[in-house]
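Work through the exercises below with the sequence and the model open side by side. Each task is followed by a stepwise solution.

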Amino acid sequence: MATAASGPPLLDAPPHECPGVGSDQAGQADACQGCPNRAVCASGRLAGPDPAVEEIKEKMKTVKHKLLVLSGKGGVGKSTFSAHLAHGLAEEETKQVAVLDIDICGPSIPKILGIEGEQVHRSGSGWSPVYVEENLGVMSVGFLLSSPDDAVIWRGPKKNGMIKQFLRDVDWGDVDYLIVDTPPGTSDEHLSVVQYLDAAGVDGAVIITTPQEVALQDVRKEINFCHKVKLPIVGVVENMSSFVCPKCKKESQIFPPTTGGAEAMCRSFNVPFLGKVPLDPLIGKSCDEGHSFLAEAPNSPVTISYRNIIRKIQDYCCQRHPREDSNT
């Protein structure tokens, strides 16, 4: 929970350029636009702790591991990675896996997982996830739209409210891994999910990038964001690292790593590097058709890379909660 310069906690973490509650510009500055604290700052009355934090903490007691998938820039394959991380973890039938899609304005998880057009049902225990497999459930704002082409035009507070509702009101049941697919950047959605999951014990963030400097610039911001909000970093994945021609087997750099790529960046920031995932056109086809690339191409270099990365993520989670995992 964020704390004001003076006074009790605010509704949400203040933006980096926050003028402060005691400022004459409180609630009026450019940095205040879209901030959920704007009304209380402008009125001079600070709200108390959001009761949803404790409600979510209670709800999340049945979820062992909570992982955020982040990316500084759009188009680096974050949702594709989230979906295949879920597929890989769910291959172990004794494990229950859930995916929460909080990319409010671009919910692509239903399409990638082949459940586009499904409806969410509500029961006495809350919203029921949509299931891809018996042990893989999904919740996304995409299920609440009348058409996949509908635009979600919401300001920050409404997005925050939707995330709160997903975390508090979805009946996840007993889950081994909850994967949260986030939008690009370090904005309202990220602050909200970190705030709400902090008390519940979030395991950490997996950060996705591509090799070129224009993507790494934004990933550096994402790493700094994690440090500022005290979100552990599981590691960084370099997606689309190279392309191997299926005919001649020659490897090509589609996105040249002019500054050394993600591996060099991880060394300079002292964060774990989880691995490289090659580029394969069939991944896009699998996502469009809602299939698991891991199942369709089990011997592909991409699948081998995915499985190595997933194994590292599992090891990380086991090290954080060894007793819980040893009992399953």
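**Exercise 1. Strand β8 and its partners**

Task: Determine how many residues of strand β8 (residues 204-209) are buried, and pair the strand with its partners.

Solution. 
Step 1. Six of the six residues of β8 are buried, so the strand is largely enclosed by the rest of the structure. Buried means under 20% relative accessible area, exposed over 50%, and partly exposed in between (1.4 Å probe, protein chains only). Strands (E, at least two residues) and helices (H or I, at least four) are DSSP runs, numbered from the N terminus.

Step 2. Sort the side chains by direction. Gly 204, Val 206 and Ile 208 point one way from β8. Ala 205, Ile 207 and Thr 209 point the other way, and all are buried.

Step 3. Find the partners. Two strands pair if DSSP finds at least two bridges between them. β1 and β8 run parallel and are joined by four bridges. Val 69 has Val 206 of β8 as its bridge partner. β8 and β9 also run parallel, with five bridges. Here Thr 209 has Glu 238 of β9 as its bridge partner.

Before going on, note the basis of these values. The model is predicted: local features need pLDDT of at least 70, side-chain atom pairs count only at pLDDT 80 or more, and totals for chains, interfaces and linings use all residues. Residues are numbered from 1 along each chain as its sequence is written, and side-chain values use heavy atoms, with hydrogens and water left out.

**Exercise 2. The annotated positions**

Task: Locate the residues that UniProt marks as "binding site", then describe Gly 77 and Lys 78.

Solution. 
Step 1. Read the record. The unreviewed UniProt entry places the feature "binding site" at Gly 72, Lys 73, Gly 74, Gly 75, Val 76, Gly 77, Lys 78 and Ser 79. UniProt positions follow the numbering used here, feature names are shortened, and annotations may be inferred rather than shown by experiment.

Step 2. Take Gly 77. It sits in the loop between β1 (63-70) and α3 (78-90). Its relative accessible area is 13%, so Gly 77 is buried. Leaving aside neighbours within four places in sequence, Gly 77 is in contact (heavy atoms within 4.5 Å) with Ile 208, Asn 239 and Met 240.

Step 3. Take Lys 78. This residue lies in helix α3. Lys 78 is buried because its relative accessible area is 5%. Not counting residues up to four places away in sequence, its contacts include Val 69, Asp 103, Asp 181 and Ile 208.

Step 4. Cys 245 is in the loop between β9 and β10 (251-252). Cys 248 is in the loop between β9 and β10.

**Exercise 3. Helix packing**

Task: At what angle do the axes of helix α5 (residues 156-169) and helix α6 (residues 188-198) cross, and which residues meet?

Solution. 
Step 1. The axes come within 9 Å and cross at roughly 35°. Axes are lines fitted to C-alpha atoms, for helices over the stretch in contact, and angles run from 0 to 180 degrees between N-to-C directions.

Step 2. List the contact. Residues of α5 including Lys 159, Ile 163 and Leu 167 meet residues of α6 including Glu 189, Val 193 and Leu 197.
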